[in-house]
Amino acid sequence: MQGCSMISQSFNMDEMDEAMDLGEYAHAGLHVTFLHSDHNRRRLGLAAAGAEASSPWLRFLSVPDGLPDDHPRSAGKLLEFMESMQTHTSVAYRALLVSLRAGAPGRDDGFPPVTCVVADGIVLPFAIDVAEELGVPAIAFRTASACSFLAYLSVPELVELGEAPAPAGADLDAPVHGVPGMEGFLRRRDLPSFCRGHAEDGGLDPMLQMLHEFTAHSSNARALIFNTAASLERSALAHVAPRMRDVFAIGPLHAMFQAPAAGGALWREDDGCTAWLDGHADRSIVYVSLGSLAVISLEQFTEYS
């Protein structure tokens, strides 16, 4: 039986859930190793242990992210997190993968050698490089849409056309040119906020620069897989494909399982609103998801409502 190593950077609960769904999808005939940061592995606690106990094909391992325990690891500190992963986690990851690959001495944990790495394509470009250097085929996994990926991939064209960074006071409803296939509907306000700002030296926002570089780096992987459907994003996928070695749309992953994958949630589930929701008519409630990183004030929440 072969081994498949599922690699996730594990700083975002939504991406962790999707990576766990991918592990469930891929496990037939395979063993799956899910790699966390030490910080998030501690947060998972008994949930991860329970998932391992009920799924003998699954195990959780972790490596340090290089940040102190009291670091918030929030959206506002995302650049610090990504830089720390590049500097510190890459070293620990290499050592771990060396110990897990075929021919490594001293391992007798019942798992076969790792024969494939599936790495988060937005934060872990080093995972692709290290795996390939060690002779382990690497695949990039993107949990965001193909349209989002294509927009980041097109940053040089946006800069050349003067679309990014957007000048101060620019009309946010103005159409954006430079992202192929989206000229008819993409607006400035649809791009991330760091497409509207400059670095201190007047250049691109460092976050935008890093996201473009990491996105383009996915072309180094054997293949790129998206949690999307070709019927939804056929045009974007067609524009991405020529710039990658291979592209697959395998989503939506969550629709393939009756229940969320075990061991993938950092937050305690709270179903306290269920009774309130059941008391309202169908299609009378608007659900707004801010993800697991955003933090808003009471005033902002009130404005939303």
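These legends describe close-up views of a predicted model.

**View 1. Helix H4 against helix H5.**
H4 spans residues 78-100. It packs against H5 at an angle of about 30°, and the two axes lie 10 Å apart. The two helices are therefore roughly parallel, since angles under 35 degrees count as such. Their crossing is right-handed. H4 brings Met85, Gln86, Thr89, Ser90, Tyr93, Arg94 and Leu97 to the contact. H5 answers with Pro125, Phe126, Ala127, Val130, Ala131 and Glu133. Sorted by class, this contact of H4 with H5 holds eight nonpolar, three polar and two charged residues.

**View 2. Helix H4 against helix H8.**
H8 covers residues 206-217. Here the packing angle with H4 is about 45°, with the axes 10 Å apart. That angle makes H4 oblique to H8. The crossing of H4 and H8 is left-handed. From H4, the contact residues are Leu78, Leu79, Met82, Glu83 and Gln86. From H8, they are Pro206, Met207, Met210, Leu211 and Phe214. By class, the contact of H4 with H8 counts eight nonpolar, one polar and one charged residues. Gln86 of H4 takes part in the contact with H8 and also in the contact with H5.

**View 3. Buried residues of helix H5.**
H5 runs over residues 125-133. Buried here are Pro125, Phe126, Ala127, Ile128, Val130 and Ala131. Among them, Pro125, Phe126, Ala127, Val130 and Ala131 also meet H4. Just after H5 comes glycine 135, with a positive phi of about 80°.

Proline 137 sits in the loop between H5 and strand E5, which covers 138-142. Is proline 137 buried, partly exposed or exposed? Its relative accessibility is 27%, so proline 137 counts as partly exposed. Leaving aside residues up to four places away in sequence, proline 137 touches Thr115, Cys116, Val117, Glu132 and Arg222. Valine 117 is 20 residues from proline 137 in sequence. In space, their C-alpha atoms are 6.3 Å apart.

**View 4. Two cysteines, no disulfide.**
Across the whole structure, a search finds zero disulfides. Which class does each of these two cysteines fall into? Cysteine 147 has 25% relative accessibility, so it counts as partly exposed. Cysteine 195 has a relative accessible area of 6%, so it is buried, the cut-off being under 20%.

Key
Residues numbered from 1 in each chain as written. Predicted model: local features only at pLDDT ≥ 70, side-chain atom pairs only at ≥ 80, totals over all residues. Heavy atoms only, no water. Disulfide = S-S within 2.5 Å. Buried < 20%, exposed > 50% of the residue type's maximum accessible area, 1.4 Å probe, protein only. Helix = DSSP H or I, 4+ residues; strand = E, 2+ residues; numbered from the N terminus. Contact = heavy atoms within 4.5 Å. Axes fitted to C-alpha atoms, helices over the stretch in contact; angles between N-to-C directions. Parallel < 35°, antiparallel > 145°, perpendicular 65-115°, else oblique. Left-handed = near helix turned anticlockwise from the far one by under 90°. Nonpolar A, V, L, I, M, F, W, Y, C, P; charged D, E, K, R; others polar.
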